[in-house]
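Open the model in your viewer and keep the selection panel at hand. The tour moves from one selection to the next.

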Amino acid sequence: EQGYETGEHAPGLKLGGCGAYKAAHHIIKTHAKVWHSYNTTWRREQRGMVGISLTSGWGEPVDPHSQTDRDAAERYIQFHLGWFANPIYRGDYPEVMKNYVGRKSAQQGLGTSRLPTFSVQEKTYIKGTSDFLGIGHFTTRYVLQKNFPFLQVSSYHTDHDLAELVDPNWPAPGPKWLYSVPWGFRRLLNFIKTQYGNPLIYVTENGVSETVQCPQLCDEWRIQYLKGYINEILKALNDGVNVKGYTAWSLLDKFEWNKGFSEKFGLYHIDFKNKNKPRYPKASVDYYKKIISANGFPNPREVMS
């Protein structure tokens, strides 16, 4: 979306309403081709695995008793995770995506939907092309219904017909978009289990950044974030979700998209002003080392059911 729809990221194209869908369509087909290439040529000899890593937040209905809010939350997750996962695990785009983008395209007077379609052969070729699902997850939103008039310029963002809210009590130690909401992760993982046949999951990204310099390297908020989110993964394991591994994001402070070096996700602080770029462990390093050595929380009483 940010590369082909809004132009915020490279390649900086502003193809409103269709660019993101076209780019995603090619990514999904290309992913399937790579999987099949490995499957037919190298798998027997190497016995490796090929998967895809998708990043998604969790959408929680503002009012869980409201059908419109529940539907909006469902759209949130389908327009994010389901956009890529549904074709790979179930053979096509989510029905709600096809319905919403198709209807809005028709209202605009377009002859075909802005969401591309897969042929029957492509659906068969794409379905099942993942030996594991990588999941990047950082935060959660409350979601409710919001109608965008079709006279507006079309966009991936307005196709959802929903609004996102945050709880002011949620900790927000880093950038504006990243609130610490650990319970959303367990719900996302259980959604994946239910929707996609409990696939093998590797958590490929999960962490929090700081936008202010932390002079004593005392990133207590990162420790609390990791504790909360890893705790919810352990709960998901108890729920029967097939989580095989976890990767904290990230080892080092680094170049972060269009934020450059101003956003720091690292467990290790890097002094970018020094030509040798020395690295210094933050407090979270020692905490995370203990979690790794215990393959969970060192003290079982830390885990809340």
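**Before you start.** This is a predicted model: local features need pLDDT of at least 70, side-chain atom pairs count only at pLDDT 80 or more, and totals for chains, interfaces and linings use all residues. Residues are numbered from 1 along each chain as its sequence is written, and side-chain values use heavy atoms, with hydrogens and water left out. Helices (H or I, at least four residues) and strands (E, at least two) are DSSP runs, numbered from the N terminus.

Stop 1: Pairing here requires at least two DSSP bridges between two strands. Now zoom in on strand 1 and strand 3 (residues 133-136), which pair in parallel over 4 bridges. Leu 54 stands opposite Ile 135 of strand 3.

Stop 2: Select residues 67-90, helix 3. Where is its kink centred? Look at Gly 82: the kink there is about 65°. The bend is the angle between axes fitted to the seven residues ending at a residue and the seven starting there. Helix 3 spans only 25 Å between its end C-alpha atoms, whereas a straight helix of 24 residues would span 34 Å. The expected span is 1.5 Å times one less than the number of residues. Of its 24 residues, 17 are buried (under 20% relative accessible area; exposed is over 50%, partly exposed in between; 1.4 Å probe, protein chains only). Just after helix 3, Gly 91 has a positive phi of about 100°.

**Stop 3: backbone exceptions.** Most residues other than glycine have a negative phi, and most peptide bonds are trans.

- Asn 198: positive phi, about 50°; partly exposed at 26%.
- Lys 277: positive phi, near 50°; in the loop between strand 8 and strand 9 (279-281).
- Ala 10 and Pro 11: cis peptide bond, omega about 5°.
- Trp 249 and Ser 250: cis peptide bond, omega about 0°.
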